[in-house]
Amino acid sequence: MNVMFKDERAPVPIEEGETYDVTIQDIARQGDGIARIEGFVVFVPNTSVGDEVQIKIERVLPKFAFASIVE
């Protein structure tokens, strides 16, 4: 079996509805903050690089997710 063409996706390390403590590492072109959870990219609006925030995962896609800040 050719490993390059396996249809298995890497397991996503997060779940919708879960909360995580993260540090914002980058800013996306649209201005959202970017956090990474086990290397998985999470977009967090209304944040800046260096912010340490608790987030709630709102939507998980195969390569990235969207989250909101927990107030």
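**Reading strands, core and aromatic pairs in a predicted model**

Mentor: Phe40 lies in strand β4.

Trainee: Which residues are in contact with Phe40, leaving aside its neighbours within four places in sequence?

Mentor: They are Val12, Pro13, Ile14, Ala35, Val60, Leu61, Pro62, Lys63, Phe64 and Ala65.

Trainee: What pattern does the protein chain follow along the sequence?

Mentor: The pattern reads β-β-β-β-β-β, with six strands and zero helices. Of the contacts in the chain with a separation of 6 or more, 41% join residues 24 or more positions apart. Buried residues make up 28% of the 71 residues. The accessible surface of the chain is about 5,300 Å², and carbon and sulfur atoms account for 47% of that area.

Trainee: How many residues does the largest nonpolar core have, and which elements give two or more residues to it?

Mentor: This core has 14 residues; those with the most contacts inside it are Ile14, Tyr20, Val22, Ile37, Val42, Ile55 and Ile57. The elements giving two or more residues are β1 (19-23), β3 (33-37), β4 (40-44), β5 (52-60) and β6 (64-69). Beyond its neighbours within four places in sequence, Val22 is in contact with Ala35, Ile37, Asp51, Glu52, Val53 and Ile55.

Trainee: How is a pair of aromatic rings described?

Mentor: The description rests on the distance of the centres and the angle of the planes. In this structure, a search of the whole model finds three aromatic pairs. In one of them, Phe43 and Phe64 have ring centres 5.5 Å apart and planes at 80 degrees, so the pair is edge-to-face. This pair links distant parts of the chain, with Phe43 in strand β4 and Phe64 in strand β6, 21 residues apart. Phe64 also pairs edge-to-face with Phe66, at 5.5 Å centre to centre and with 85 degrees between the planes.

Trainee: Which residues form the aromatic cluster, and how accessible is each of them?

Mentor: Phe43, Phe64 and Phe66 form one cluster. Phe43 is buried, because its relative accessible area is 17%. Phe64, at 28%, is partly exposed, and Phe66, at 31%, is likewise partly exposed.

How values were computed:
Residues numbered from 1 in each chain as written. Predicted model: local features only at pLDDT ≥ 70, side-chain atom pairs only at ≥ 80, totals over all residues. Heavy atoms only, no water. Helix = DSSP H or I, 4+ residues; strand = E, 2+ residues; numbered from the N terminus. Buried < 20%, exposed > 50% of the residue type's maximum accessible area, 1.4 Å probe, protein only. Contact = heavy atoms within 4.5 Å. Areas by Shrake-Rupley, 256 points an atom, 1.4 Å probe, with all protein chains shown as cover. Core = buried A, V, L, I, M, F, W, Y, C linked by side-chain atoms within 4.5 Å. Phe/Tyr/Trp six-rings, centres within 6.5 Å; stacked < 30°, edge-to-face > 60°.
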